[in-house]
Amino acid sequence: MEKKVIQYIEEQGILEAGDHVLIGVSGGADSLALLYFLDKFADRFQISIGVAHLHHGLRGQAADADEAFVRNFCQDRNIPFFSRQRNIQEISRTEKISVEEAGRKERYDFFMAIAEQHRYNRIAMGHHINDQAETMLMRLIRGTGVKGVSGIKSSRDNLYIRPFLCLQKKEILEYCEIHKLAFRTDASNFQRDYTRNKIRLDIMPMILEVNPKAEVHFNEFTKIANEYEAFFEKYVDQIEAQILTAKEKMVLIDRDLWLNEEAVVQKEILRRSIFKFKGSLKEIEYNHITALSSLLKSNKTIWEIHFPNKVQVTRRYHRVMVTEKQEVKDDMIVPKRIHPNKTYIFSKEHLIIETALISQDDFRKKRCFFFQRNRKS
């Protein structure tokens, strides 16, 4: 197993001589095995290591014991140890997010804080092939694109690294047994309250009955998707500067150049236009991008569409702009100039209004038809 991981690290280039590596360690099999491995081969890779442990405040004395276990493990080996305790349940309620999301956010915030404070340039995580399969399934279930199914990366942002992404869970457990690593077991891993646990405990066993090598195949698929994504991203990077222009408080979209691209590229450019303006794609979903794409392809020359987080896209003839939606007080009346033969979309009110000039006779016919339909219903 060690040879396999060493080869993977060298192939992926995720460690370099002189790196200072902070390892996220919960005390479970995966993270403890990673800590043991990196400590054992620190001289070979010419790296120094430290450990970060987040106490989630969820499991009382069991969580206290986890922290003490990791602390003692590090003290016995003279490895720098950092810990922080947070009330994840309270954070979840306050920020109105799931416990899973709150825990993940707090972990990454903590790891980043320690890395910056103590000058660690790598943060190592214990993810493996089984995690990769679960992540891919979870994203597919929730809705995702190629970027989502490309899965967990061996390295992200030249900071987060995952040296065990070449291993299956059973290989890690065997490694722990061989080296007598008495890891901690988190009882919450067996609670079906969390999405990932449902996938791990219920869905994956059924899939493995169909094909025992399914997790390996899922991992292979994420590698293929990652290659496609890398090629696609490189192409979009080249044309983005031609189509998108960032100006003060807005991003302009060159519609003519945008129309020349394939549909998949068009959608990615629209996602990037919002990201370029807002700095994130929080709450921006596929249906938002699809609706915007359809409007841009239409012959309608005056419209505006509102997205979450106060994002507004407006077209005024040849000018297409991503801007911030201006909040209007309830007691304010804001006049709008309405043009005939145009479409106005008000996403907040769930309204699509189309305007047209018609003759009086046509209006009477439409009015009569409307009342007849209402009487029947």
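This is a predicted model: local features need pLDDT of at least 70, side-chain atom pairs count only at pLDDT 80 or more; totals for chains, interfaces and linings use all residues.

User: What makes the pair of Phe-37 and Phe-41 tilted?

Analyst: Rings of Phe, Tyr and Trp (its six-membered ring) pair if their centres lie within 6.5 Å; planes under 30 degrees apart count as stacked, over 60 as edge-to-face and the rest as tilted. The structure holds 7 aromatic pairs. In this one the ring centres of Phe-37 and Phe-41 are 4.9 Å apart and the planes lie at 40°, so the pair is tilted. Phe-69 and Phe-73 also form a tilted pair, with 6.4 Å from centre to centre and 45° between the planes.

User: Why does Phe-69 count as partly exposed, and why does Phe-73 count as buried?

Analyst: Buried means under 20% relative accessible area, exposed over 50%, and partly exposed in between (1.4 Å probe, protein chains only). Phe-69 has 21% relative accessibility, so it counts as partly exposed. Phe-73 has 9%, so it counts as buried. Both residues lie in helix α4 (residues 60–76), 4 residues apart, about one turn of the helix. Helices here are DSSP runs (H or I, at least four residues), numbered from the N terminus.

User: How do you know that Glu-106 is buried, and which side chain does Glu-106 make a polar contact with?

Analyst: The relative accessible area of Glu-106 is 5%, so Glu-106 is buried. Glu-106 is found in helix α6 (residues 99–118). Its side chain makes a polar contact with the side chain of Arg-86 at 2.8 Å; such a contact is a pair of N or O atoms within 3.5 Å, and within protein one must be able to donate a hydrogen and the other to accept it, with residues adjacent in sequence counting only if both atoms are side-chain atoms.

User: Why are α7 and α10 called roughly perpendicular?

Analyst: The axes of helix α7 (residues 129–142) and helix α10 (residues 195–210) come within 10 Å and cross at roughly 105°. Angles under 35 degrees count as roughly parallel, over 145 as roughly antiparallel, 65 to 115 as roughly perpendicular and the rest as oblique. The two helices are therefore roughly perpendicular to each other.

Definitions and conventions
Residues are numbered from 1 along each chain as its sequence is written. Side-chain values use heavy atoms; hydrogens and water are left out. Axes are lines fitted to C-alpha atoms, for helices over the stretch in contact, and angles run from 0 to 180 degrees between N-to-C directions.
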